[in-house]
Amino acid sequence: MKHRKGSALQNLSLISYIGIAMVVPILAGVVGGRWLDERFGTKPVFLFILIVAGVLIGARNVYQLAMKDVDPPQSRRRE
């Protein structure tokens with residue numbers, strides 16, 4: 001893993017980016033789910049489905065962000 005030491009502002013920026021990468025898909029799921037439920041009269045169905053999808057997408061975004069700073073594993077050769 002790469003160890004980088006950044007300024008406090010860079011660290012704050014990274015924390016903000018992680019929060020936004022997690023919250024935006026969840027909020028989009030809430031808004032989209034409520035709209036679809038009102039449109040089709042299926043009160044909580046689309047809301048729950050899209051909230052779960054938003055959580056999964058947000059987790060994937062945070063995982064990709066975290067893995068960007070990790071060195072790829074070196075292949076091991078058996079000798």
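Author: A residue is called buried here if its relative accessible area is under 20%, exposed if that area is over 50%, and partly exposed in between, with a 1.4 Å probe and protein chains only as cover. The model is a predicted one, in which local features need pLDDT of at least 70 and side-chain atom pairs count only at pLDDT 80 or more, while totals for chains, interfaces and linings use all residues. Residues are numbered from 1 along each chain as its sequence is written, and side-chain values use heavy atoms, without hydrogens or water.

The part to look at is helix α1, residues 8-40; helices are DSSP runs of H or I with at least four residues, strands are runs of E with at least two, and both are numbered from the N terminus. The protein chain has two helices and zero strands. The 33 residues of α1 should span 48 Å at 1.5 Å a residue, and this agrees with its end C-alpha atoms, which are 48 Å apart; the expected span is 1.5 Å times one less than the number of residues.

Within α1, the buried residues are Ala21, Pro25, Gly29, Gly33 and Asp37. An α-helix has 3.6 residues a turn, so residues three or four places apart point the same way. Part of the cover over the buried residues of α1 comes from α2, residues 45-67. Pro25 counts as buried because its relative accessibility is 16%. Leaving aside neighbours within four places in sequence, Pro25 is in contact with Ile20, Gly54, Ile57, Gly58 and Asn61, where contact means heavy atoms within 4.5 Å. Pro25 and Val55 are 30 residues apart in sequence, yet their C-alpha atoms are 7.0 Å apart in space.

Ile18, also in α1, is partly exposed, with a relative accessible area of 31%. With Leu14 and Tyr17, Ile18 forms a nonpolar patch on the surface.

Phe40, with a relative accessible area of 53%, is exposed. The whole structure holds one aromatic pair: the rings of Phe40 and Phe46 have centres 6.1 Å apart and planes at 45 degrees, so the pair is tilted. Rings of Phe, Tyr and Trp (its six-membered ring) pair if their centres lie within 6.5 Å, and planes under 30 degrees apart count as stacked, over 60 as edge-to-face and the rest as tilted. Phe46 is partly exposed, at 28% relative accessible area. After α1 comes Gly41, whose phi is positive, near 70 degrees.

Terms used
Patch = residues over 30% accessible without salt bridge, like charges linked within 9 Å, V, L, I, M, F, W, Y side chains within 5 Å. Areas by Shrake-Rupley, 256 points an atom, 1.4 Å probe, with all protein chains shown as cover. Salt bridge = Lys/Arg side-chain N within 4 Å of Asp/Glu carboxyl O.
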